[in-house]
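This report goes through one protein structure part by part. Please keep the sequence and the 3D view at hand while reading.

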Amino acid sequence: MSEQNQFAILKEAVSLPGFCQLALSDGWVLNYHKQLTVQCSRDGRMVLLGIAWQFLPERGTPAEEMEALCQRFSGKIPNEAILEMEESWCGRYVLLCQGTIFSDACALFPVFYSELGVSSDCTLLAQLAGQPRKNYEMPPRRIMNWMPGPLTQYKGVRRMLPSQLYCYTTGVLLSRQLLAEHYPGIADEGNRLDRIVECFDFSLQQMQKALLGTKLLVAITGGHDSRTLLALVKHAKIDFDAFTLLYDDIYEDDVTIPKELCRMAEITHHEVPREKKPDYAVREAEYLDHISGLVQDEDRLYYAHQQFDGLVQQFGEVALLRSGVWPNVMEWYRRSFTPDGPGFDFYDWFGAQKGSLEEKSLQEYFAWHEAHPQKGLSACNVFYWDQRNGCWLSAIETGFDLMDHVVSLQPANCRYLMSMLMEFPAEERIINHHQYKIVEKAFPAFTAIPYGSRKRQNESTGQMLQDKFSRGVQRLKKLGLRKTIKMYGTMVRAKWEEARMLKKQGR
């Protein structure tokens with residue numbers, strides 16, 4: 001298994017292949033892989049692991065802001081000052097200061113903790129405590145294809161979520177507001193759209209400087225998120241290409257629409273086919289071992305079938321710019337939530353069996369948020385941010401650490417940006433109309449191309465109906481008639497509301 005980009009903060013140094021050690025100012029030891037980027041303030045009080053860059057044009061680089069904060073506070077640096085500093089940072093990083101861990105906006109650089117200390121790898125912490133290695137195994141017929149935090153498959157090892165901070169010197173878990181608390185707000189929509197594009201121009205240019213000598217490649221499908229990123233990267237006038245990964249049951253429009261967008265904008269587009277490799281099963285197992293089995297997603301097959309190898313052979317060092325964090329603000333799970341928390345069918349919908357590890361983890365998670373409420377976000381947006389990004393996407397991003405010469409980044413991974421997006425009306429965010437407006441501002445021609453449907457490549461109407469019927473029968477067997485009817489009623493109402501909102505916006 002590759003340890004690239006991994007770290008462990010322990011009371012003493014440990015001997016691991018390829019690891020270096022750094023004595024921290026709090027008396028603990030940072031053990032980190034030699035390929036992990038590590039930056040320290042001059043006085044050693046702040047340590048930044050991973051890649052970070054600035055989103056706001058009027059602010060300094062992360063390294064400059066760290067130095068300024070250390071100079072401003074000769075003694076203890078308040079957590080509030082650190083949170084204000086990093087709320088406008090983008091990237092995939094972990095910040096250490098005075099024994100406390102601060103993650104990037106969506107905790108895409110994972111943090112696990114136990115009595116021993118902190119690590120980016122839950123298996124490493126468990127093995128240091130003498131527990132045998134065991135990957136997480138998904139229960140059958142799950143809708144949720146990841147292990148929800150904070151629990152893991154290992155006793156005493158927990159995941160730190162985006163809404164949390166962890167003090168490893170005391171073992172105390174602290175709350176962090178997900179939205180930027182110092183965002184002043186921009187009431188005028190036109191000014192807000194101008195500001196988003198201006199900040200993205202600066203942010204993407206800063207990212208490019210941090211990745212000198214690396215080819216930037218934008219992942220593009222037929223959906224809203226990748227088109228929004230493509231329009232913003234095009235507007236920023238930086239050097240990049242686009243790419244689409246192909247697979248057997250890909251949506252039809254995920255093949256056709258990227259070609260249309262790139263042809264219109266004169267962007268070089270690379271289609272990466274899937275050719276079955278003889279050792280794909282070995283590579284799939286290697287991928288799942290690396291992420292401790294915490295997610296089962298298509299990305300494991302991209303790795304197993306070596307779909308990124310051709311891009312590396314063509315360009316050398318590549319940075320894949322992806323679009324997984326935009327849905328934080330779009331009320332994604334609203335059909336399974338009340339305004340304050342999970343709805344009547346939440347645990348059924350996500351396949352968390354009674355008494356299971358998943359149910360216990362979710363119960364602990366909801367109890368945490370009841371005691372530590374978030375400002376300005378609905379319960380379903382908090383869930384998406386903490387769970388879908390902090391657990392699901394975080395595990396996927398960790399999978400890229402297996403790949404030599406490849407780095408994956410989410411350019412929208414910034415709390416300040418999420419605060420800007422939350423100012424758009426909920427009715428617009430639910431149907432992604434706020435992203436439509438950003439695309440219209442950044443590259444208007446893209447709005448002429450319709451967004452993709454949910455029809456699989458080579459899938460007939462009969463097959464689609466058969467799949468829906470099979471899912472309905474499974475739900476009926478599992479939930480019973482009453483709950484199934486109520487569930488489908490909720491789904492139909494949600495679809496009707498979306499259709500009404502789209503019609504209202506003339507789409």
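## A residue in a loop

Where does G341 lie? This residue is in the loop between β16 (318-321) and α10 (346-349). The structure is a predicted model, and the values below are computed from it.

Is G341 buried or exposed? Its relative accessibility is 10%, and buried means under 20%, so G341 counts as buried. G341 and L481 are 140 residues apart in sequence, and their C-alpha atoms are 24 Å apart in space.

## The parallel sheet

β16 also belongs to an open sheet of five strands, which has the order β15-β14-β13-β16-β17 and parallel pairing. The edge strands of this sheet are β15 and β17, each of which pairs on one side only. On average, neighbouring strands of the sheet are turned by 30° against each other, with direction ignored.

β13 is joined to β16 by four bridges, and the two strands run parallel. Within this pair, V218 has L321 in β16 as its bridge partner.

Strand β14 covers residues 241-245. Five of its five residues are buried, so the strand is largely enclosed by the rest of the structure. In a regular strand, side chains alternate between the two faces of the sheet. In β14, D241, F243 and L245 point one way, while A242 and T244 point the other way. The residues of both groups are all buried.

β14 pairs with strand β13 (residues 215-219) in the parallel sense, over three bridges. A219 stands opposite F243 in β14. Between the two strands the chain passes through helix α5 (residues 224-235), and this β-α-β crossover from β13 to β14 is right-handed.

β14 also pairs in the parallel sense with strand β15 (residues 269-272), over four bridges. Here F243 stands opposite H270 in β15. The chain goes from β14 through helix α6 (residues 253-265) to β15, in a β-α-β crossover that is right-handed.

## The antiparallel sheet

Another open sheet has six strands, in the order β2-β3-β1-β9-β8-β10, and its pairing is antiparallel. Its edge strands are β2 (19-23) and β10 (158-159), each pairing on one side only. Strand β8 (residues 112-113) is joined to β10 by two bridges, and these strands run antiparallel. Y113 has R158 in β10 as its bridge partner.

Which strand holds A23? A23 lies in strand β2. Its relative accessible area is 67%, and exposed means over 50%, so A23 is exposed. A23 and V439 are 416 residues apart along the chain, and their C-alpha atoms are separated by 47 Å.

## The second largest pocket

Rolling a probe the size of a water molecule over the atoms shows where empty space is left. In the second largest pocket there is about 650 Å³ of space. Its lining has 31 residues, and T37, I51, A210, L211 and V407 lie nearest the centre.

Which elements each supply at least two residues of this lining? They are β5 (46-54), α4 (189-210) and β17 (406-409). The largest share, five residues, comes from β5. Sorted by class, the lining of the second largest pocket has 13 nonpolar, twelve polar and six charged residues.

## Cavities

How many cavities of 30 Å³ or more are there? The count comes to three. The largest cavity holds about 80 Å³ of space. It is lined by 13 residues, among which F112, S120, I291, L294 and T398 lie nearest its centre. The lining of the largest cavity divides by class into six nonpolar, five polar and two charged residues.

About 50 Å³ of space lies in the second largest cavity. Residues lining this cavity include L24, S25, D26, G44, R45 and V47. Others in its lining include L96, C97, Q98, G99 and Y168. By class, the lining of the second largest cavity has five nonpolar, four polar and two charged residues.

Notes:
Residues are numbered from 1 along each chain as its sequence is written. This is a predicted model: local features need pLDDT of at least 70, side-chain atom pairs count only at pLDDT 80 or more; totals for chains, interfaces and linings use all residues. Side-chain values use heavy atoms; hydrogens and water are left out. On a 1 Å grid over the protein atoms alone, a cavity is a set of points where a 1.4 Å probe fits but cannot get out, and a pocket is an open set with protein on both sides within 12 Å along at least five of seven lines; lining residues have an atom within 4 Å of a point. Grid points are joined across faces, edges and corners, and a volume is the space filled by probe spheres set on the points. Ala, Val, Leu, Ile, Met, Phe, Trp, Tyr, Cys and Pro count as nonpolar, Asp, Glu, Lys and Arg as charged, and the others, Gly among them, as polar. Buried means under 20% relative accessible area, exposed over 50%, partly exposed in between (1.4 Å probe, protein chains only). Two strands pair if DSSP finds at least two bridges between them. A crossover is right-handed if, with the strands pointing away from the viewer, the path from the first strand over the helix to the second runs clockwise. Axes are lines fitted to C-alpha atoms, for helices over the stretch in contact, and angles run from 0 to 180 degrees between N-to-C directions.
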